[in-house]
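Subject: Structure handover

Hi,

Here is the structure for you to look over. Please open it alongside this note.

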Amino acid sequence: VVGRGYHAAPKINMAGRGSPALQKTGGAEAAHAYFQLSQCLAQLRRFEEALSAAREGVEKFPEDAALRFQLGHVCLRLGKKDEGLAHFEESVKLAPNDAAARARLGFGYARAGRLEDAIRECREAVKMDAQNDMARYSLGWALMEAGETEEAVQQFEKAVELNPEWDDNWLHLGLGRMALSCPSVVGRGYHAAPKINMAGRG
């Protein structure tokens with residue numbers, strides 16, 4: 001049931017995945033360089049340095065949606081929940097028609113415990129682009145956190161169908177199926193599942 005990805009799921013960095021607008025808004029090479037620098041530092045768990053790089057980038061390129069998201073992501077990693085969510089929200093304002101940007105906002109809300117907001121934003125992302133596997137994955141993750149396991153599994157199944165190459169789609173599909181068949185075993189254990197790094201996926 002769980003299959004590939006459960007025992008050795010990679011640490012995923014999701015910033016910029018599936019979203020041209022987030023990857024390089026306006027084609028600003030320098031802005032993208034700041035984004036990549038912050039992303040790499042975060043992957044090395046040098047979060048304070050990643051925060052500094054993202055802040056400097058946003059100061060110089062305030063209209064870059066990717067940098068806004070990356071700054072929000074690092075803020076969350078450092079426990080700066082309110083600031084992180086504010087940057088996620090600004091990222092969506094800068095790329096309002098980008099389903100991936102909205103899915104990341106929903107995921108950020110879920111990580112912050114704002115599950116109703118998370119599910120709302122992720123549903124909107126799926127509505128905007130039903131073929132975006134990250135929107136499906138993010139909705140599934142939020143639904144699992146809210147205890148809506150059956151619908152969450154349906155979303156993870158769709159995410160796997162759309163992108164079978166990304167191991168984390170399989171991982172959370174497996175966790176969801178386990179929760180359906182053995183709720184007493186999985187239950188609160190789902191919240192201890194591997195924490196996914198949503199900045200720069202792909």
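Predicted model: local features only at pLDDT ≥ 70, side-chain atom pairs only at ≥ 80, totals over all residues.

**Helix 2**

Start with helix 2, residues 29-43. It has 15 residues. From first C-alpha to last, helix 2 reaches 21 Å, close to the 21 Å expected at 1.5 Å a residue. Its buried residues are Ala31, His32, Tyr34, Phe35, Ser38, Gln39, Leu41 and Ala42. An α-helix has 3.6 residues a turn, so residues three or four places apart point the same way. Keep that in mind when you look at the buried list. Just after helix 2, Arg45 takes a positive phi of about 65°.

**Helix 2 against helix 4**

Two packed helices are described by the angle between their axes and the distance between the axes. For helix 2 and helix 4 (residues 65-77), the axes come within 9 Å and cross at roughly 20°. Angles under 35 degrees count as roughly parallel, so helix 2 is roughly parallel to helix 4. The crossing is left-handed.

Which residues make the contact? Helix 2 supplies Ala31, Tyr34, Phe35, Ser38, Gln39 and Ala42. Helix 4 supplies Ala66, Leu67, Gln70 and Val74. By class, this contact has 7 nonpolar residues, 3 polar and no charged.

**Ala65**

Ala65 is found in helix 4. Is Ala65 buried or exposed? Ala65 has a relative accessible area of 0%. Buried means under 20%, so Ala65 is buried.

**Helix 7 against helix 8**

Now the other pair. Helix 7 covers residues 115-128 and helix 8 covers residues 133-145. Their axes are 9 Å apart, and the packing angle is about 155°. Angles over 145 degrees count as roughly antiparallel, so helix 7 is roughly antiparallel to helix 8. Helix 7 passes helix 8 in a left-handed crossing.

On the helix 7 side, the contact is made by Leu115, Ala118, Ile119, Cys122, Arg123, Ala125 and Val126. On the helix 8 side are Ala135, Arg136, Ser138, Leu139, Ala142, Leu143 and Glu145. How many residues of each class are in this contact? There are 10 nonpolar, 1 polar and 3 charged.

Best wishes

Definitions and conventions: Residues numbered from 1 in each chain as written. Heavy atoms only, no water. Axes fitted to C-alpha atoms, helices over the stretch in contact; angles between N-to-C directions. Helix = DSSP H or I, 4+ residues; strand = E, 2+ residues; numbered from the N terminus. Parallel < 35°, antiparallel > 145°, perpendicular 65-115°, else oblique. Left-handed = near helix turned anticlockwise from the far one by under 90°. Contact = heavy atoms within 4.5 Å. Nonpolar A, V, L, I, M, F, W, Y, C, P; charged D, E, K, R; others polar. Expected span 1.5 Å × (residues − 1). Buried < 20%, exposed > 50% of the residue type's maximum accessible area, 1.4 Å probe, protein only.
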